[in-house]
Amino acid sequence: MPIESINKASIRALRYARTISDYVIAFNVSIDEESGEKIKKRYALLNTDIPLIVKYSPFRRIVEPLLKFIESEEYNYKKGDMITVILPQFIVRKRWHNILHNKTRVYIEKELLKHKHIVVATMPLQLHDDDDIEDK
């Protein structure tokens, strides 16, 4: 499950991922070591057994490192496996708010759907009424 940061949407998507599979990996692409260390520290505060993999891409490419990881021996992908990638999505009140949210998710989804062995699922978070998601 790709995560950009530790927020309500990513926490909720991680919880959902755990309900559909015992083999869940959180995946982050950072532009440098400093931002990678920052996300690792914030992720450690979640106190979860879901591993976090951080890869570096100085040019902010996200899909290429994700696909490279999925098809690597590190991930243990075998031909014929079906991979589900869960993408958090913000549901906003007003249409024009979409300009500010979800652009990266849409791009990732479009690129991943080009691969027959990858299923993309979207985990919505309604920003206007889900303030207590971390308490549930």
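Author: A salt bridge is understood here as a side-chain nitrogen of Lys or Arg within 4 Å of a carboxyl oxygen of Asp or Glu. By this rule the count comes to three salt bridges. The structure is a predicted model.

Reader: Why is the contact between the side chains of Asp 49 and Arg 18 called a salt bridge?

Author: The N to O distance between the side chains of Asp 49 and Arg 18 is 2.6 Å. The limit is 4 Å, so the pair qualifies as a salt bridge. The pair links distant parts of the chain, 31 residues apart: Arg 18 belongs to helix 1 (residues 8-20), and Asp 49 to the loop between helix 2 and strand 2.

Reader: Why is the pair Glu 37 and Lys 40 a salt bridge?

Author: The side chains of Glu 37 and Lys 40 meet at 3.5 Å, N to O, and the rule asks for a distance within 4 Å; the pair therefore counts. Both residues lie in helix 2, three residues apart, which is about one turn of the helix. Glu 37, at 36% relative accessibility, counts as partly exposed, and Lys 40, at 35%, is partly exposed as well.

Reader: Which residue forms a salt bridge with Glu 111, and how do you know that the term applies?

Author: The partner is Lys 114, with the closest N and O atoms 3.2 Å apart. Since the cut-off is 4 Å, the term applies to Glu 111 and Lys 114.

Reader: Is Glu 111 buried or exposed, and how is Lys 114 classed?

Author: Buried means under 20% relative accessible area. Glu 111 has 17% and therefore counts as buried, whereas Lys 114, with 58%, is exposed.

Reader: Which residues of helix 4 are buried, and why are they said to line one face?

Author: Helix 4 (residues 103-112) has the buried residues Arg 105, Ile 108, Glu 111 and Leu 112. Seen down the axis of helix 4, these buried residues fall within an arc of 135°, so they line one face of the helix. The face turned away from that buried side carries the exposed residues Lys 103 and Lys 110.

Reader: Leu 45 is in the loop between helix 2 and strand 2. Why is Leu 45 called exposed?

Author: Leu 45 has a relative accessibility of 73%; exposed means over 50%, so the term holds for Leu 45. In sequence Leu 45 and Ile 6 are 39 residues apart, and in space 9.7 Å, C-alpha to C-alpha.

Reader: What makes Ser 57 buried, and which residues does Ser 57 contact?

Author: Ser 57, found in the loop between strand 2 and helix 3 (63-70), has a relative accessible area of 8%. Leaving aside neighbours within four places in sequence, Ser 57 is in contact with Val 29, Ser 30, Ile 31 and Pro 65.

Reader: How is Arg 61 classed?

Author: Arg 61 lies in the loop between strand 2 and helix 3. At 47% relative accessibility, Arg 61 counts as partly exposed, because the word exposed is kept for values over 50%. The C-alpha atoms of Arg 61 and Ser 30 are separated by 9.2 Å, the two residues being 31 residues apart along the chain.

Reader: How many helices and strands does the protein chain have, and in what order do they run?

Author: The secondary structure comes to four helices and four strands. From the N terminus on, the elements run α-β-α-β-α-β-α-β.

Reader: What is the mean pLDDT of the protein chain, and where is the pLDDT below 50?

Author: The mean pLDDT is 83, and 83% of the residues reach 70 or more. Over residues 129-136 the pLDDT is below 50; beyond near neighbours in sequence, this stretch has eleven contacts in the model.

Methods. Residues numbered from 1 in each chain as written. Predicted model: local features only at pLDDT ≥ 70, side-chain atom pairs only at ≥ 80, totals over all residues. Heavy atoms only, no water. Buried < 20%, exposed > 50% of the residue type's maximum accessible area, 1.4 Å probe, protein only. Helix = DSSP H or I, 4+ residues; strand = E, 2+ residues; numbered from the N terminus. Arc of directions from axis to C-beta. pLDDT = per-residue confidence, 0-100. Contact = heavy atoms within 4.5 Å.
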